[in-house]
Amino acid sequence: MAVFVALGAFLMTLFGGWAAHRVTDRRHLVLGLAGGLMLGVVGLDLLPEALHAAGTPVFGVPQALLLFVGGFLTAHLVERLLAARSAAHGATDSGTGAPPGPGTGVEPAPGGRPRVPQVGLTAAAAMVGHSLMDGIAIGAAFQVGEAMGLTVALAVIAHDFADGFNTYTLTSAYGNTRTKAIAMLFADACAPVVGAASTLLFTIPVEALGSYLGFFGGALLYLAAAEILPEAHHTHPARSTLLCTVGGAGFIWLVVGLAE
């Protein structure tokens with residue numbers, strides 16, 4: 001079941017890469033909805049389940065909450081390291097000093113300043129690694145229960161549109177060929193399926209599962225709050241985008257309530 005559901009992430013990632021060719025004025029609504037779905041899954045489903053499975057206090061704080069913060073900080077650190085690597089290779093926008101990175105919709109620098117292809121491939125490879133962990137999270141959640149697996153899968157599928165979009169954009173924007181961009185996109189699309197399939201080979205202990213879900217929840221919250229939602233509201237700070245975000249979170253509340 002986990003592998004079958006992960007195929008949805010495969011298709012959504014490819015759709016995101018296809019949309020990178022044909023960005024429309026409605027992309028901000030899709031990203032706003034994805035951000036709301038991710039926020040709802042983290043706050044209303046992942047974190048409560050993680051606390052239930054790994055709520056043992058460590059120096060006065062539940063283990064799951066410590067790993068939740070750790071997941072958020074790890075995602076932030078990875079994003080900052082990629083940004084620093086881009087800047088070190090001369091990939092900053094001319095005259096701005098703002099390094100591009102995942103979720104920024106990076107474009108070639110003004111004035112024809114050359115990009116370093118390896119930087120784009122490195123950033124895209126990081127997206128592939130992230131998608132692999134998404135697949136593991138789907139499989140791990142299905143080990144908790146089918147309802148949990150479906151809600152986590154929904155969050156992964158929701159943000160895989162942005163993953164596919166950014167994987168293709170990052171690869172091509174740094175001077176790589178269209179063939180390489182498509183290859184990285186396909187690798188990113190396959191990664192969740194491979195990650196979900198890997199969990200069929202082992203069963204994760206309950207406490208370790210809760211700890212992992214807490215860590216994954218922190219990383220997912222960072223992606224929603226620091227990349228997906230700012231990207232959605234940056235060029236189109238419209239009321240409709242906000243309504244999509246609120247609607248996404250409300251939809252997860254409904255799903256969790258029905259599952260209970």
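Guide: What follows is a short talk through the fold, the core and a few residues.

Guide: This is a predicted model, in which local features need pLDDT of at least 70 and side-chain atom pairs count only at pLDDT 80 or more, while totals for chains, interfaces and linings use all residues. Residues are numbered from 1 along each chain as its sequence is written, and side-chain values use heavy atoms, with hydrogens and water left out.

Visitor: OK, what does the secondary structure of the protein come to?

Guide: There are eight helices and two strands, taken as DSSP runs numbered from the N terminus (helices are H or I, at least four residues; strands are E, at least two). Along the sequence they follow the pattern α-α-β-β-α-α-α-α-α-α.

Visitor: And how many of the residues count as buried?

Guide: Of the 260 residues, 48% count as buried, where buried means under 20% relative accessible area, exposed over 50%, and partly exposed in between, with a 1.4 Å probe and protein chains only. The protein exposes about 11900 Å², of which carbon and sulfur atoms supply 70%; accessible areas come from the Shrake-Rupley method with a 1.4 Å probe, and for residues only the protein chains shown count as cover.

Visitor: Which residues touch the most other members of the largest nonpolar core?

Guide: In that core of 49 residues, they are Leu46, Ile138, Val152, Phe216 and Leu220. A nonpolar core here is a set of buried Ala, Val, Leu, Ile, Met, Phe, Trp, Tyr and Cys residues joined through side-chain atoms within 4.5 Å. The largest share of this core, ten residues, comes from α5.

Visitor: What does Phe216 touch, then?

Guide: Leaving out residues up to four places away in sequence, Phe216 touches Leu46, Asp134, Ala137, Val152 and Val156, a contact being heavy atoms within 4.5 Å.

Visitor: Switching to Ala50, where is its place, and is it buried or exposed?

Guide: Ala50 lies in helix α2 (residues 27-53), and it counts as buried because its relative accessible area is 0%. Beyond residues up to four places away in sequence, Ala50 touches Gly55, Ala64, Gly210, Leu213 and Gly214. The C-alpha atoms of Ala50 and Glu207 are separated by 8.5 Å, although these residues are 157 residues apart along the chain.

Visitor: Last one: how many disulfides does the structure hold?

Guide: The structure holds zero disulfides, a disulfide being a pair of cysteine sulfur atoms within 2.5 Å. As for cysteines, Cys190 counts as partly exposed because its relative accessibility is 25%, and Cys244 is partly exposed at 24% relative accessible area.
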